[in-house]
Amino acid sequence: MDKVGVQLKVNGETYHVFVEPRKLLSDVLREDVGLTGTHVGCEHGVCGACTVLVNGKPMRSCLLFAVQMEGEEITTIEAIAQDGKYSALQKAFHEEHGLQCGYCTPGIILTFESYLKSNPAPTEEEIRDVLSGNLCRCTGYQNIVKAIQKAINAKGDLNGEEDRQ
Amino acid sequence: MTEQTREMKKKGEDFSVIGKRIPRKEDYRLLTGTAKFLDDMEIPKALHACFVRSPHAHARILSINTEKALSFPGVVTVVTGKELAEWTTSAVMAPPIEGLYPMEMTTLPIDKVRFDGDPVACVVAVDRYIAEDAAELVEVEYEVLPAVTNMFDGMKEEAARVDDQLPTNLVSHQIYEYGNTKEIFAQADHIVEATFSQHRQTHVPMETRGCAAVWDEGRQHLTFYVGTQVPHPLRTSLAGRLGLKETQVNVISPDIGGAFGQKIALYREELTIAALARHLKRPVRWREDRMENLLAASHARQDYVKTRAAVTKDGRVLALEAEIISDFGAYSFFPANYMARVIAMLLPGPYKIQDYAYDVKVVLTNKCPAGPFRAPMAVTSWVTEGTMDAIARELNLDPVHVRQINMLREEDLPYLTATNELYEDITPYETLEKGIAEFGYGEFRKRQEAARKEGRYLGLGICVVVESTTYGSEFYKKAGIPGTGHEAAWVRVEPTGVVNASAGIMGSGQGYETTVAQAVAEGLGVNPEDVSIHLGDTLLAPYGMGSRGARGAVAGAGTAYLAAREAQKKVLQIAAKLLGLDDPQLLKMEGGNIFRRIENEWVQTDLTLVDIAKTAYLNPMELPEGMEPGIEIHKTYDPPPMTYSNAVHLCEVEVDIETGKTEFGRYLIVEDAGNVINPQVVEGQVHGATILGIGGVMLEEVVYDENGQNLTGSLMDYLLPTACEAPTLELVHFNTPNRKTPAGLKGMSEGGVMGAIGAVCNAVNDALSPFGVKVEKQPLSPGYIRSLIRNKEAKNR
C-alpha cells in the first residue's frame with residue numbers, strides 16, 4: 001500500500017510522518033513518532049491501554065488511523081509529567097501503589113487527566129464507571145480508585161496541567 | 001556455596017527497612033511512559049514475523065503452499081515445521097514419573113495440527129502489516145480429523161488420539177493412599193459427596209507475548225529479548241534446542257506487562273523467531289496479537305474434582321477421597337501431572353485428615369495446551385472448603401463449627417500432612433477466629449434471616465487457604481519434576497558506597513526493584529534509595545530459577561538478603577580495622593553509618609560505608625590482613641522443601657433470585673504471609689490475586705464448541721473483570737514469621753485466587769440454600785444460577 005505524508009501534532013510538537021493510510025494511530029505514535037508510552041493491549045478497542053487524548057478527550061488510538069488525525073491535538077502519556085515532576089494524578093498513583101506491571105497505566109492516567117478536568121468531584125461509583133473502560137489485570141482496581149480519590153483531594157494541582165501545551 | 005535452610009530467631013520489630021511501606025522505585029518509568037516493554041525496544045533493521053495458524057481443532061497437514069506469500073512484496077521468507085526441524089531439536093517432556101507418558105513435540109507441527117490456533121507456518125517480512133497480509137496467502141491443505149473437545153470423552157476407548165505417539169489420551173494417571181481410608185469409609189456415620197467443576201480460563205496479561213532475536217554472525221552469538229519470568233532456565237532451553245552453547249545465548253527480559261504464569265515456558269513461536277534470526281542472519285521480531293494470545297498462548301484451570309468425606313455425626317472428618325480429572329490440552333509444555341498433583345497434595349488443607357486417598361487423571365484434548373496460571377492449584381481451596389460446607393449442609397451443622405472442630409491449631413504444629421507436607425508457623429485457626437469476629441458472623445446470620453423474610457437472599461462464604469509459596473529443591477526431587485528450587489543473588493558495594501544487586505528472579509509487576517532493594521538494604525544496613533536492583537539479563541544476573549509460584553520473596557529477596565548480610569560482615573570487619581578495634585561484634589551499620597557499641601549504647605562513629613568502600617577498592621593495603629579487595633558477594637540459597645502462607649476469605653453476596661445476578665457485599669481477608677517486606681506491595685498482590693480469582697468465578701471462560709472451535713477470541717468474548725465488577729477488599733494482616741526462611745519471609749500472591757474461588761462459590765451456595773440448590777461449577781453466570789432455580793422449581797411442580 002502506498003505511503004502518504006501526514007502531519008501530526010503530538011504533545012504540542014509537529015511531526016511529519018510518511019505512513020500507509022491503513023496504519024493505526026497507535027502504531028504511528030509508537031513506531032514513526034517514537035513515543036512508546038502508548039501501549040497496545042488488544043487492538044480491538046476493548047482494553048483501553050492505547051488511550052490518548054485527542055483535543056483533550058480520551059480516544060482509543062488503536063481504533064484510529066493516523067491519517068485521520070491531521071489538524072487534531074494529540075496528547076500522550078509522555079506529556080503528563082513536566083520537567084521530571086509527576087502530575088497530581090501520577091503522584092497519587094505512585095504513593096497509593098495504583099500500578100503494578102504498569103502496562104495499562106498510561107491509558108488510565110490519560111483517561112482521568114481528562115475526566116477530572118470536567119468532573120472535579122466524582123463519587124467512587126462514577127470513578128469506577130469511567131475506569132471500567134480500562135482493563136487492568138494486576139491491581140484489582142482498588143488502589144487505582146484510591147489513587148484517583150487522593151488526587152482529587154490534593155486539589156488545585158490538576159488544573160495546573162493546562163499550561164503544558 | 002549453597003546455604004541450606006536454617007533456623008532464624010523470630011525477628012520483627014528490629015527490622016528497619018523490611019516491613020516499611022516504600023513507594024516503588026520502578027514507578028517513575030511506568031507512570032511517565034518511558035518504561036521499555038518488549039515491543040518498545042528498538043531493534044535496528046528488524047524483520048517482523050507473523051504466524052499462520054490452524055483453523056481446525058484436529059487435522060492432518062496435507063500440504064503447505066508458500067509460493068503466493070513468498071512473491072508478496074516485502075516478504076523475506078516463509079518457513080514451516082519441516083525447515084524448523086532442521087534448525088532446532090524437538091522438546092521432550094519425559095520426567096521419570098510413574099503413570100506419566102513422555103511427550104515430544106517439534107518446533108512447529110509437521111504432520112498434523114492439534115488445536116484451533118496451532119501455528120503451522122511463519123511469515124517474515126519487512127513490517128508487521130505486510131507479514132500479516134502475506135500470512136493470509138499461505139495455503140495449507142488439511143484433512144480434518146475428529147476432535148477431542150471434552151476430557152471425559154477423551155478418556156473413552158473410541159476417542160480420537162490427540163498425540164499419535166501415545167496409546168491413550170490419558171497422559172497421566174496416579175493413585176495414592178495415605179492411611180487407611182477404605183476401612184474408615186466402611187464404618188463412617190456419614191459419607192458426604194461433593195463435586196466441583198472448574199472451567200477453562202486463560203491468563204490475559206495486558207501485554208501479549210512477543211520476542212526479538214538478534215544473531216551476531218561474527219561472534220556466533222544470539223541476543224534474545226523476551227518478557228520472561230525465568231530468564232536463565234529459558235536460556236538453557238533455548239540454547240539447547242538451537243544446538244548452541246549457553247555461552248552463545250543471552251536472554252534479556254525488558255519490562256513485562258503482566259505474566260501470571262504465561263511467560264515461563266519456551267514457546268514454539270519464540271524458538272521459531274530465534275532460529276529464523278540465526279538462519280537469516282538478520283534480526284527478527286514478533287508480537288502476538290490479542291486473538292493469538294487468547295487462542296494459542298496458554299490456558300489453565302479446567303479441572304473436575306469429586307470428593308467423598310467419611311464423617312462422624314457431629315461433623316468430624318475421618319477420611320477423605322478425591323478424584324481429580326484435568327484437561328491438559330494438546331501439548332506438554334510442563335509435566336502433565338505437575339499442576340493436578342499439587343491440587344491433590346494440598347486438598348486436605350488446614351484440617352487434621354491423615355487418612356486420604358486420591359486418584360488424579362490428566363487428559364489430552366484438542367485444545368490450547370494448559371500451563372500454570374497464578375495459583376495453578378487454585379481449585380483446591382474451593383474443593384476443601386466446599387466439602388466442609390457440604391458436610392455442614394448435610395448434617396445440618398454450622399459451617400464455621402465444622403471447620404473449627406476439624407482444623408489444625410497452634411498446638412498441632414509443626415504438622416506433617418497426609419501427603420507428607422510440613423506445615424509450620426501457619427495460623428489457620430487464629431485467622432479464622434479473627435475473620436469471624438471481625439466480620440460479625442452472628443450478626444450476619446441475623447441479617448440474613450431478616451432479609452430472607454423480605455425475599456432477599458444474602459449469603460456468606462468462607463474459604464480458609466493454605467498457600468504453598470516457595471518450592472525448595474527437595475520438593476522438585478520428591479515430585480520427580482525437572483528443575484530445582486534454589487535461587488542466586490549477588491550484592492556489590494561499589495567504590496562510592498552505593499549498592500548494586502541482582503537475583504535470578506524476574507518481575508512482571510511485583511515490584512522487585514523495590515522489595516529486593518529493601519531486603520538488601522536491611523541485610524547490609526543501608527538506605528534502600530542507595531540500592532539498585534538489576535534483573536532479567538542472563539549475563540548480568542546470576543543463574544536462578546526465576547519467578548514462579550510466589551517464590552519472589554523467600555527465594556529472590558531472601559537470597560539477596562543473605563548475600564547482603566555477608567557483605568555487611570565484610571564491611572564491619574573493615575570498619576573494625578579502620579577504627580583500630582579487634583572485634584567487629586561491637587559494630588553495626590544502619591543507613592550506611594557505622595555505629596559502635598559503647599557500654600549499653602550504640603554511638604555513631606565518623607565512619608560511613610563510603611569510607612569503607614573507598615578503602616576496599618582503592619586502598620586495599622589498609623584492609624585486614626588476608627582480606628580480598630572489593631566488596632562483592634555472590635550467594636545461592638535453597639529454601640525449605642515448601643513454605644506455606646495462609647489466609648481466610650469471608651465474602652458476602654446477595655443473589656437476585658429473579659435474574660440470577662450476584663452482587664458483592666463485604667469482602668474481608670485475614671492473611672498471614674509472615675514478615676512482609678513491603679505491606680503496600682503485599683496488599684496490592686492480595687487485591688490483584690483476589691480480583692483475578694473473582695473474574696474467573698464470575699465472568700471469564702474459554703469456550704470451545706463441539707468441533708473444537710475457540711469462540712472466545714477477543715476481549716469482547718472473554719470477559720475480564722472491570723472496576724465495576726471488582727468488590728472493595730478489606731485486609732487484616734497477621735505477620736507470623738517463618739522460623740526457617742531468611743528474615744522470616746513466607747511469600748504470597750497466589751492465595752488470593754484460591755480464596756476468592758472458594759469464598760464466592762460458598763457464599764452463593766449459602767444464599768441459595770433456602771432453594772435446596774447449590775453451584776457445582778463455575779462461572780456463576782446469571783444464566784447458570786437461574787437454571788438451578790428453574791430446574792428445582794420444575795421438579796417441585
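The model is predicted, so local features are given only at pLDDT of at least 70 and side-chain atom pairs only at pLDDT 80 or more, whereas totals for chains, interfaces and linings use all residues. Residues are numbered from 1 along each chain as its sequence is written, and chains are lettered from A and ligands numbered from 1 in the order in which they are written.

Chain A holds 5 helices and 5 strands (DSSP runs numbered from the N terminus, with helices being H or I of at least four residues and strands E of at least two). Read from the N terminus, their order is β-β-α-β-β-β-α-α-α-α. The C-alpha trace spans about 50 × 30 × 25 Å along the principal axes of chain A. Of the 165 residues in chain A, 56% are buried (a residue is buried if 20 or more other C-beta atoms, placed from the backbone, lie within 10 Å of its own).

Turning to the contact between the chains, 43 residues come from chain A and 41 residues from chain B (two residues are in contact if their C-beta atoms, placed from the backbone, lie within 7 Å). On the side of chain A that touches chain B, the elements giving two or more residues are α2 (88-95), α3 (105-118), α4 (124-131) and α5 (142-153) of chain A. The largest share, 4 residues, belongs to α2(A).

In chain B, strand β19 (residues 317-329) is largely enclosed by the rest of the structure, because 12 of its 13 residues are buried. Strand β18 (residues 303-311) of chain B runs antiparallel to β19(B), and 9 bridges join them (strands pair if DSSP finds at least two bridges between them). Here B:Asp303 has B:Ser326 in β19(B) as its bridge partner. The hairpin of β18(B) and β19(B) has 5 residues between the strands, and B:Gly315 takes a positive phi near 95°. Strand β20 (residues 356-364) of chain B, in turn, runs parallel to β19(B), again with 9 bridges. In that pairing, B:Ala357 in β20(B) stands opposite B:Glu321.

Helix α18 (residues 609-618) of chain B also has buried residues, namely B:Leu609, B:Ile612, B:Ala613, B:Thr615 and B:Ala616. They lie on the same side of α18(B), because their arc around the axis is only 160° (taken from the directions from the helix axis to the C-beta atoms). The packing partners of these buried residues are β24 (487-493), α17 (552-578), β27 (587-590), β29 (601-608) and β30 (631-637) of chain B.
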